[in-house]
Amino acid sequence: MKNYDIIIVGGSAAGVTAAITARRYHKEKSILLIRKEDKVPIPCGIPYVFGTVTGMEKNIIPDAVLDTNKVDLKVAEVVSIDSDEKIVTTVDNDDFRYEKLILATGSNPIIPPIDGIDKNNIFPIYKNVDHLGDIFKKLTNTKNLVVIGGGFIGVEFAEECLKNRKISVTLVEMLPGCLMTSFDKEISDKVNDILTSQNISLKCNRSAKAFVGEENVKGVKLENGEVIDADCVILGIGAVPNIDLAKSMELKMGPSGGIWVDKNMKTSAPDIFACGDCADSFSFFTGKPSKIRLASTAAIQARIAGANLYNTRRAFNGTIGVFSTALSDTAFACAGLTEHAAKEEGYDIITGEAEGPNRHPGAMPGMQQMKVKLIFDKCEKTLLGGQVSGAYSSGEVINLISSLILSKSTADDIAMFQLGTHPALTASPIAYQLVNAAEAANVGM
């Protein structure tokens, strides 16, 4: 048996980040990361290996980052953990004793209980290189692809699978539009327009009732009786925490289905922490359980867990929910609450919008239009959410908006935000969308 000060179980975004953070804060400690996968895909890059990147090997988290940080690696599935004796056992009967343990076992895709779900060529999206390779091979001979789910995974797969292939793509979404849980209707409508302009057939306000065919899937039957031809189906309807190992250890579970953790990422067992998709979470705004699972949030929780192993240094403030994507040549990004979600939580809101070029003058090379929408609590004037669309720089603007939400900035704070501008890099200081959206809201308060 080999002894380690720190053992991390799981090697994706949370596990790797936890290992790096643990090394930074606990320089003299021995660290082991155990994962069952030989190679680990970069989670957010998975849809893009089917089009833009073209190849599994180009979307791998490099093991060099572990070597650089003097983290040992064991590739094997963990089959049991004795929390009393502090022993981790792998499938090949190797035992490792720990002082501190971090669980970063991630999530599994939701597989809905739909009739015919077990037919061949129906693919949930596991973060597994071999599994993703099987999907890639199948798409080579696919004529009719159906994607179930119009969230970020679904729309990205629908668009990427069209690239370099002669294929018919249909996307089925039970809500009135794609990305509607993250964006207000006017943005969702833009997303729908972009997808349909690429000849992706949208079936919104529809849900799959059954998969038809014998051994292989041949079609998707909707609840209205319509049958869509399909020789391949991709399930992009979300994920659930991977808690099998934690359950076997009899750890406490949280209200949203993950491993219960406090704000310092400590579990119910001494010296055991959890972070990422496997850990329970709560909303920054309401404190209610949150089912938002993002690699970015997982990395934040991992930085908390890794730093807190021997001394409590950090605390989690709750999930804001920051998303971004790019469809065709248009970026879409959001943070915090939509108008609909804010109203559901009882907020009296006011919004402000501003749109214009992201360069000045507009004739500068690389100019793209960018629109910013901000949502404020009318009573407190604090920022509750933001949505950005258009220019690719939206991805960084939304990160700034997330920071402003976290700091509970008011419309006045943002309107007086001290910013730097440059013709080749940003919008004009006169027409800066973030500031002007805040001013538009401020006038109405």
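Sheet, helices and a pocket

Biologist: How many bridges join strand β21 to strand β22?
Modeller: This is a predicted model. Strand β21 covers residues 369-377 and strand β22 covers residues 383-390, and the two run antiparallel. Within this pair, leucine 374 stands opposite glycine 386 in β22. The number of bridges joining β21 to β22 is seven.

Biologist: Which are the edge strands of the open sheet of five strands?
Modeller: Strands of a sheet pair through backbone hydrogen bonds, either parallel or antiparallel. Here the pairing is antiparallel, and the order is β18-β19-β22-β21-β20. The twist from one strand to the next averages 10°. An edge strand pairs on one side only, and the two that do so are β18 (322-327) and β20 (349-357).

Biologist: Which helix lies across β18, β19, β21 and β22?
Modeller: Helix α4 (residues 152-160) lies across β18 and β19 (330-336), at about 15° to β18. That leaves the helix of residues 394-406, which runs at about 175° to β22.

Biologist: Which elements give two or more residues to the lining of the second largest pocket?
Modeller: The second largest pocket has a volume of about 320 Å³. It is lined by 17 residues, and those closest to its centre are Ile300, Gly318, Ile320, Ser402 and Leu406. The elements giving two or more residues to this lining are α7 (295-307) and α9.

Biologist: How many charged residues does the lining of the second largest pocket have?
Modeller: Sorted by class, eight of the lining residues are nonpolar. Another nine are polar. The count of charged residues is none.

Note on methods: Residues numbered from 1 in each chain as written. Predicted model: local features only at pLDDT ≥ 70, side-chain atom pairs only at ≥ 80, totals over all residues. Heavy atoms only, no water. Pairing = 2+ DSSP bridges. Helix = DSSP H or I, 4+ residues; strand = E, 2+ residues; numbered from the N terminus. Axes fitted to C-alpha atoms, helices over the stretch in contact; angles between N-to-C directions. Contact = heavy atoms within 4.5 Å. 1 Å grid on protein atoms, 1.4 Å probe; cavity = no way out; pocket = protein on both sides within 12 Å on 5 of 7 lines; lining within 4 Å. Points joined across faces, edges and corners; volume = space filled by probe spheres on them. Nonpolar A, V, L, I, M, F, W, Y, C, P; charged D, E, K, R; others polar.
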